[in-house]
Amino acid sequence: MNVVIRNLPDNTSEDEIGELLKEHGVPVTAVTLTNEGDQERYVAVVSMETDHAGAAALVKMLDGRFWRGKTLKARAQTLFTGQGLNES
């Protein structure tokens with residue numbers, strides 16, 4: 001399950017996001033920063049070993065939180081793989 005965090009402060013690193021989540025015991029497997037589509041705004045994609053309820057709890061914890069001068073925006077991202085669609 002992934003959680004996307006937007007409205008990050010400038011110069012935020014993957015390690016800083018990892019530390020923020022570690023403080024709350026979040027089982028993070030990877031943090032990826034990207035600015036694809038917008039050269040000035042970075043987005044963190046946080047991969048976790050959890051179910052939808054765990055991701056929803058993280059979103060609730062982060063969405064609207066004031067961190068390093070910015071109000072974070074977070075949402076859960078469900079990955080659609082299509083696996084099993086054509087099985088009978």
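What share of the contacts in the protein chain with a separation of 6 or more is accounted for by residues 24 or more positions apart? Such residues account for 62% of those contacts, a contact being a pair with heavy atoms within 4.5 Å. The model is a predicted one, in which local features need pLDDT of at least 70 and side-chain atom pairs count only at pLDDT 80 or more, while totals for chains, interfaces and linings use all residues. Residues are numbered from 1 along each chain as its sequence is written, and side-chain values use heavy atoms, with hydrogens and water left out.

From the N terminus on, the elements run β-α-β-β-α-β-β-β, which gives the protein chain two helices and six strands; these are DSSP runs numbered from the N terminus, helices being H or I with at least four residues and strands E with at least two. Of the 88 residues, 28% count as buried, where buried is under 20% relative accessible area, exposed is over 50%, and partly exposed lies in between, with a 1.4 Å probe and protein chains only.

The largest nonpolar core has 19 residues, and those with the most contacts inside it are Val-3, Ile-5, Leu-8, Ile-17 and Leu-62; a core of this kind is a set of buried Ala, Val, Leu, Ile, Met, Phe, Trp, Tyr and Cys residues joined through side-chain atoms within 4.5 Å. Two or more residues come to this core from each of β1 (2-6), α1 (14-22), β2 (28-34), β3 (43-48) and α2 (52-62), and α2 gives the most, with four residues. Leaving aside neighbours within four places in sequence, Leu-8 is in contact with several residues, among them Ile-17, Leu-33, Tyr-42 and Trp-67.

Some loop residues deserve a separate look. Asn-35, in the loop between β2 and β3, counts as buried because its relative accessibility is 17%, and, not counting residues up to four places away in sequence, Asn-35 touches Arg-41 and Tyr-42.

Most residues other than glycine have a negative phi. Asn-7, however, which is found in the loop between β1 and α1, has a positive phi near 65°, and with 30% relative accessibility Asn-7 counts as partly exposed. Arg-68, in the loop between β4 (66-67) and β5 (70-71), also is not a glycine and has a positive phi of about 50°; at 41% relative accessibility, Arg-68 counts as partly exposed.
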